Structure formats: structure tokens, C-alpha cells
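Thanks for coming, everyone. Have the sequence and the structure open as I talk. I'll start with the core, then move to the interface and the sheets.

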Amino acid sequence: MKKILLAAVALLLSASLAGAATVTATGTSTLSVTVSNEASITITTGTTTLGATGTVFNPYTGTTNFTYKIRTSQTGGSGSIQLEVTTDFSGTGGPSVGSPPNSGDALTYTCTTASGTACSTAQTASTTAQSSVATFGTDAHSVATGGDAGSVTWSLTNDPKYKTGSYSATATFTISAT
Amino acid sequence: MNGQGMSTAREGKLRIEYAERYTLSSALGSVSCVRRPLEGVGRLITRLAPLVAVVALLVAPVCSQAQTTLGTQTLYLTLQNAVNMTVSPSSVSLTHTGTTFSNFTSASSITVSYWVRTTPSTGSGNVQVQAAEFTPTGTGGPVIGSSGGPLTYTCSGATLGTNCSGNQTLSITTQTPVVTSIPAGACTGGGGNCSSAIPNTVSTSFTLTNNPAYKTGSYSSVLTFTISAT
């Protein structure tokens with residue numbers, strides 16, 4: 001009888017202690033994401049002033065900076081940054097990309113980019129076609145968190161034939177990725 | 001109700017001399033019960049004990065007139081701390097629209113439904129979440145890691161306890177809060193000291209940084225929600 005009582009007390013005690021134990025339950029859900037090719041570009045130099053320095057009739061030069069992000073596909077992907085003069089220099093008698101006063105007049109540029117392959121030689125800007133700034137291969141990625149940096153340094157022929165005055169043009173940069 | 005007699009024979013030995021039939025009628029139908037003399041019942045139980053037991057159990061609830069109070073018994077019930085939960089939906093896509101390289105966000109929130117009972121005075125409870133690493137691993141996709149990873153979440157609308165505040169960063173090594181401060185003596189449903197909501201719920205929404213360094217492809221991570229209570 002004593003043993004039965006002890007067993008009962010022990011049982012009650014264990015039940016009481018069990019009530020203080022932590023109980024848990026779980027549930028799950030799966031997050032899925034598909035990462036695709038993507039690209040973006042931000043022109044950080046909103047207005048670039050072309051100025052001539054040094055010897056007279058040296059070309060007008062200036063630099064446009066930009067940042068870009070790019071991710072190309074792991075298989076068969078590629079990418080590019082290109083530019084086109086979408087609005088030619090305004091006014092008459094001044095410089096012109098589409099209709100230069102002389103055949104030797106041109107707006108050219110050189111390129112730098114933190115990733116990919118920047119244009120290796122001076123490119124001539126056009127009002128009718130895009131020209132290359134940089135190219136990217138398969139599985140290419142920009143590195144920096146805020147985007148990789150790049151720049152285009154312009155050079156505009158300083159033709160004595162240009163009439164004095166202020167002129168402006170708009171260049172449009174396009175980045176793409178597949 | 002009528003008192004018409006009924007005779008019944010079992011195995012040719014027992015004979016019920018007298019019995020009363022009670023018929024209870026209602027719009028839903030009728031139920032008949034029989035009350036037999038006590039002297040015959042003893043013999044019937046001896047021979048037909050199993051059958052009597054079954055019939056008694058079946059008939060007892062509808063034949064209140066035949067019930068006899070035999071005694072009272074006190075039932076003791078010890079309710080301990082307890083929890084349960086469900087998570088819905090079972091899978092959610094992280095997508096992004098609009099601006100390039102904008103973050104991926106969950107297309108729908110994940111709702112955790114939970115039931116909880118905590119110990120009075122000393123108990124407490126909470127809901128937490130932990131992520132498993134994105135798979136496939138080691139292929140250039142997003143990496144959650146142990147801390148400071150790119151996967152974050154917010155909580156809203158906890159109907160019991162306090163939902164997490166601000167952006168929480170998921171980890172693959174530690175649990176992070178979803179609902180905290182479920183108080184002592186809390187319970188789900190019923191109002192009063194318990195919540196009025198049945199079950200209790202909390203919504204969670206997830207955001208994944210869209211890092212250009214991620215290689216293209218599909219990746220997934222399993223989130224495990226845990227509710228615990230003392």
C-alpha cells in the first residue's frame with residue numbers, strides 16, 4: 001500500500017513538473033526566387049562642359065561619369081553599354097555631329113569601366129546609330145554595391161569655322177543585358 | 001407515450017412478462033425505449049450482458065426518463081501549457097517589378113496561425129523563425145549566412161502577443177522573433193482572459209536584396225517557424 005501511495009505521489013509530482021516544461025510546434029514555408037539578367041545605368045554627371053585648354057584650337061574635352069549594374073545570363077548571356085547623340089548641337093554655324101561643317105569635324109570619346117570591356121580606341125559619336133562604350137560576356141556581374149563606375153571622355157574638334165557661341169547636345173546612354 | 005405490453009424471447013429461455021414502451025416523437029422523428037421489471041433485468045444482464053451494455057449506452061442519451069442517479073464523481077482536469085501552429089501558404093515567390101535591381105519581395109505574405117496556452121503567473125510564449133540556406137548552395141546565388149544576410153522580413157497584425165517591429169534579418173543559425181511577449185495565462189479563443197481570435201494569426205512579409213553579383217537562376221529557402229510556450 002505504501003508503495004502504491006509513493007507511486008501515486010511520484011506520478012502526480014512528475015505530472016506537475018511536466019506542466020512547467022516548454023512545449024513547441026513548428027511549421028514551414030518555402031521562399032523561392034528566380035534571378036534573371038538585368039541591367040541599369042545612372043549618369044552621375046548631369047551636364048558635361050566641353051572646354052579647350054592649352055594650345056589654341058586644341059579640341060574641346062570633358063568627361064561624363066556614370067555608374068551601372070549588370071547581371072548577364074550564365075549561359076549565352078551578354079551585355080553592352082552604348083551611346084547615341086539623340087539631340088545634336090543646337091544653333092547654326094556651330095559644331096554638329098550629324099552635319100559637321102567640315103568632314104574632319106567629329107565628336108569622339110574614349111571609355112573606362114570597372115568591369116566588362118571598355119572601348120579600346122576612340123569612338124565617333126553618331127546621331128543615327130549607337131556606338132559602343134563597353135561590352136560584357138556571359139555570366140557578367142557588376143561588383144560594387146552601389147554599382148560599378150565608368151566614364152566617357154569626350155573630344156570635339158575645335159574647328160575655326162565654328163561661329164562663336166554656346167551649343168549643347170544630348171547623348172543618351174543605353175545599357176542592356178541578356 | 002403508450003403503455004402497450006411487449007413480449008420478447010432470447011434463445012428460447014427468457015421471457016419478459018411485462019414491459020413498458022416509451023415513444024418520444026418530434027419533428028425530426030421518434031425514438032422508442034423500453035423499461036422492464038427489475039426482477040427480469042437481472043437475468044437478462046446475466047445472459048445478455050454485452051448486448052445490454054451496448055443498448056444501454058446507445059439509449060441512455062435519449063431516454064432521460066429511464067435514468068437513475070447512482071452516485072456522483074468529480075472529474076479532475078489538469079490543463080498544461082500547449083501550442084500548435086500552421087503556416088500558409090506552403091510556398092511563396094519572391095519577385096520584383098519596375099525599376100531594375102529593385103529588391104525582391106514576397107508576392108504574398110506568409111500567415112502563421114497559432115494556438116497557445118501558457119501557464120498562469122509564470123508562463124510565456126513566442127513565435128520565431130529561422131531560415132535554411134538558399135539552395136542550390138555554392139552556385140553564386142543569394143546567401144543568407146549566419147548574420148547580416150540579404151533576407152529580411154517584417155511582421156504585422158499579431159492577435160496575441162506583440163509582433164516583431166521593424167526589419168528583422170533572417171539567419172540560418174539563430175531564430176529571430178516573429179511574435180514576442182505572449183503573456184502568462186494566455187490562451188487562444190473564448191474571449192475574457194483568452195484572445196477572441198481563433199486561431200491567433202500574424203502576417204510576415206519578406207524582402208531579398210537584388211544583388212547584381214547573384215548569378216541568374218532559381219533559388220529557394222525553407223523557413224521554419226517555431227512557437228513555444230511555458
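**Cores, interface, sheets**

The largest nonpolar core has 38 residues, and those touching the most other members are Val33(A), Val112(B), Tyr114(B), Val116(B), Val127(B), Val178(B) and Val202(B). Keep in mind that this is a predicted model.

Which elements give two or more residues to this core? From chain A, strand 1. From chain B, strands 6, 8, 9 (125-131), 10 (151-156), 13 (176-182), 14 and 15.

Take Val116(B). Leaving out residues up to four places away in sequence, Val116(B) touches Val83(B), Gly125(B), Leu160(B), Ile182(B), Ala186(B), Thr188(B), Asn200(B), Ile227(B) and Ala229(B).

There is also a second, separate core. This one holds 23 residues, including Ile81(A), Ala140(A), Ala171(A) and Ile175(A).

Now the interface. On the chain B side, 43 residues are in contact with 32 residues of chain A. Which elements of chain B give two or more residues there? Strand 5 (82-88), strand 6 (91-95), strand 8 (110-117), strand 14 (200-208) and strand 15 (217-229). Strand 15 of chain B supplies the largest share, 13 residues. By type, the chain B side divides into 22 nonpolar, 20 polar and one charged.

Next, the sheets within chain A. Five strands make an open sheet, in the order 2-3-9-5-7, with antiparallel pairing. Why are strands 2 and 7 the edges? Strand 2 (38-43) and strand 7 (123-124) each have a single partner strand, so one side of each has no neighbour in the sheet.

Inside that order, look at strands 3 and 9. Strand 3 (residues 60-71) of chain A runs antiparallel to strand 9 (residues 148-156) of chain A, with nine bridges between them. Tyr60(A) has Leu156(A) as its bridge partner.

Last, strand 8 of chain A. Which strands pair with strand 8? One is strand 4 (residues 79-87) of chain A, joined antiparallel to strand 8 (residues 131-136) by five bridges. There, Gln82(A) stands opposite Ser132(A). Another is strand 6 (residues 117-118) of chain A, also antiparallel, over two bridges. In that pair, Thr117(A) stands opposite Thr135(A).

That's the tour. Questions, please.

Definitions and conventions:
Residues numbered from 1 in each chain as written. Chains lettered and ligands numbered in written order. Predicted model: local features only at pLDDT ≥ 70, side-chain atom pairs only at ≥ 80, totals over all residues. Pairing = 2+ DSSP bridges. Helix = DSSP H or I, 4+ residues; strand = E, 2+ residues; numbered from the N terminus. Contact = placed C-beta atoms within 7 Å. Nonpolar A, V, L, I, M, F, W, Y, C, P; charged D, E, K, R; others polar. Core = buried A, V, L, I, M, F, W, Y, C linked by C-beta atoms within 7 Å. Buried ≥ 20, exposed ≤ 12 C-beta atoms within 10 Å, placed from the backbone.
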